[in-house]
Amino acid sequence: WEFMQLQRKLFFSILLLPMMLFSESFSPFTGKITGNKVRMRFSADLDSEILKQFNRGDLVLVIGEKDNFWKIAPPKDIKGYVFRSYLINDTIEANRVNLRLAPNTDSLVIGQLQQGQKISGKICAQDNKWIETDLPDGTGFYIAKEYIDNIGKAEYFSEIQKRKEEVENLLTTAITSAKEELQKPYEKMNIQEPVSEFEVII
């Protein structure tokens, strides 16, 4: 009887093992940079190209890991560039089309696009032969683990980004209102509205 019980436990342990392994899979989180001039690299290698530098207190979205590096989602200011001749109606018309970090053929290739793939973007301001676009989902770059602290779930990063965008929009509106009032004759100025808008930001 004891032998049969042991067999049953072993059997269920084997069944549950894949579930246990799956439950320990990586969960994205909000990371906080702990140093100044912390380098974000193209790949998980200290000899890899440096794409950007972060300062202490900056937040990043960590989406994976490799060796001694965290993989982070691309910052919003990092864009991809594809040659316009490969696009018709926002659709890639060739296989393995290079997506580059800057609008020139000497720039780093950060991904490849396949025939039939849809992308949205705009004509590059520096060179109208190129399309500027957001990077595809799953694209990531790397920062050494020692420079990132886990400060919360991935949702926290989204909340902070949303708040920053709201403040930036409010600031733009307040500055515009203040400039409009300053252009008026003194006796017609009404500074209460821009002052109220700045108070909301504060």
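Among contacts in the chain between residues at least 6 apart in sequence, I found that 57% join residues at least 24 apart. A reminder to myself: this is a predicted model.

Entry on the whole chain. I listed three helices and 14 strands. I then checked burial: of the 202 residues in the chain, 28% are buried. The chain exposes about 14400 Å², and 53% of that comes from carbon and sulfur atoms.

Entry on helix α2. I wanted to know whether its length made sense. Helix α2 covers residues 154–182, and its 29 residues should span 42 Å at 1.5 Å a residue; the end C-alpha atoms are 43 Å apart, so the two values agree. Next I asked which residues of α2 are buried. They are A154, F157, I160, Q161, A174, S177 and E181. What covers them includes the strands β1 (29–33), β4 (59–66) and β14 (148–153). Helix α3 (192–201) is also among the elements covering those buried residues.

Entry on R41. I found this arginine in strand β2, which runs over residues 38–41. Does R41 sit buried or exposed? R41 is buried, yet I found no salt bridge for it. The nearest side chain of opposite charge belongs to D47, 6.5 Å away; a salt bridge would need the charged atoms within 4 Å. Leaving out residues up to four places away in sequence, R41 touches L46, D47, S48, E49, I50 and L51, along with F69, F141 and Y142.

Note on methods
Residues are numbered from 1 along each chain as its sequence is written. This is a predicted model: local features need pLDDT of at least 70, side-chain atom pairs count only at pLDDT 80 or more; totals for chains, interfaces and linings use all residues. Side-chain values use heavy atoms; hydrogens and water are left out. Helices (H or I, at least four residues) and strands (E, at least two) are DSSP runs, numbered from the N terminus. The expected span of a helix is 1.5 Å times one less than its number of residues. Buried means under 20% relative accessible area, exposed over 50%, partly exposed in between (1.4 Å probe, protein chains only). Contact means heavy atoms within 4.5 Å. Accessible areas come from the Shrake-Rupley method with a 1.4 Å probe; for residues, only the protein chains shown count as cover. Lys and Arg count as positive and Asp and Glu as negative; His and the chain ends are not counted.
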